[in-house]
Amino acid sequence: ATLDLYGVGAKETNVAGRACLLARKLSEAGVRFVQVTLGAWDHHGDIRTNLPKQCAATDKPVAALLKDLKQRGLLEDTLVLW
């Protein structure tokens, strides 16, 4: 169920899903600073094509990370910058 929540295994969200799940696990283990980098967000060349793809790849995993952090009580003392 957790893998599905993050989109792990799905073509579009697998990479971001794995990265966000790892970020949750690291936070849960007490790591004080975690950075998730999910590709380039500079879409000056073709924003109409690239931005929707990037959003589709990251929306579900990031939402899962926030939900998971909140459910585990980690969001109370975690700062998330997007």
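Modeller: A salt bridge is a side-chain nitrogen of Lys or Arg within 4 Å of a carboxyl oxygen of Asp or Glu. Please bear in mind that this is a predicted model.

Colleague: What is the N to O distance in the salt bridge of Glu28 and Arg24?

Modeller: The side chains of Glu28 and Arg24 meet with N to O at 2.7 Å. Both residues belong to helix H2 and stand four residues apart, about one turn of the helix.

Colleague: Are Glu28 and Arg24 buried or exposed?

Modeller: Buried means under 20% relative accessible area, exposed over 50%, and partly exposed in between. Arg24 has 6% relative accessibility and therefore counts as buried. Glu28, with a relative accessible area of 40%, is partly exposed.

Colleague: Which parts does the pair of Asp68 and Arg24 tie together?

Modeller: Arg24 also forms a salt bridge with Asp68, at 2.9 Å from N to O. Asp68 lies in helix H3 and Arg24 in helix H2, so this pair ties together parts that are 44 residues apart in sequence. Asp68 and Arg24 are both buried.

Colleague: Where do Glu28 and Arg72 lie?

Modeller: The closest N and O atoms of Glu28 and Arg72 are 2.8 Å apart, in a further salt bridge. Glu28 is in helix H2, whereas Arg72 is in the segment after H3, so parts 44 residues apart in sequence are tied together by this pair. Arg72 is partly exposed, its relative accessible area being 38%. Through shared partners, the salt bridges join Arg24, Glu28, Asp68 and Arg72 into one network.

Colleague: Let us turn to packing. How is a pair of packed helices described?

Modeller: Two packed helices are described by the angle between their axes and the distance between the axes. Here, the axes of H2 (residues 14-28) and H3 (residues 47-71) come within 8 Å and cross at roughly 20°. Angles under 35 degrees count as roughly parallel, so H2 is roughly parallel to H3. The crossing of H2 past H3 is right-handed.

Colleague: Which residues make the contact?

Modeller: From H2 come Ala16, Gly17, Cys20, Ala23, Arg24 and Ser27. From H3 come Ala57, Thr58, Pro61, Val62, Leu65, Asp68 and Leu69.

Colleague: How do the residues of this contact divide into nonpolar, polar and charged?

Modeller: In the contact of H2 with H3, eight are nonpolar, three polar and two charged. Arg24 and Asp68 are among the contact residues, and their side chains meet in the salt bridge discussed above.

Notes: Residues numbered from 1 in each chain as written. Predicted model: local features only at pLDDT ≥ 70, side-chain atom pairs only at ≥ 80, totals over all residues. Heavy atoms only, no water. Axes fitted to C-alpha atoms, helices over the stretch in contact; angles between N-to-C directions. Helix = DSSP H or I, 4+ residues; strand = E, 2+ residues; numbered from the N terminus. Parallel < 35°, antiparallel > 145°, perpendicular 65-115°, else oblique. Left-handed = near helix turned anticlockwise from the far one by under 90°. Contact = heavy atoms within 4.5 Å. Nonpolar A, V, L, I, M, F, W, Y, C, P; charged D, E, K, R; others polar. Buried < 20%, exposed > 50% of the residue type's maximum accessible area, 1.4 Å probe, protein only.
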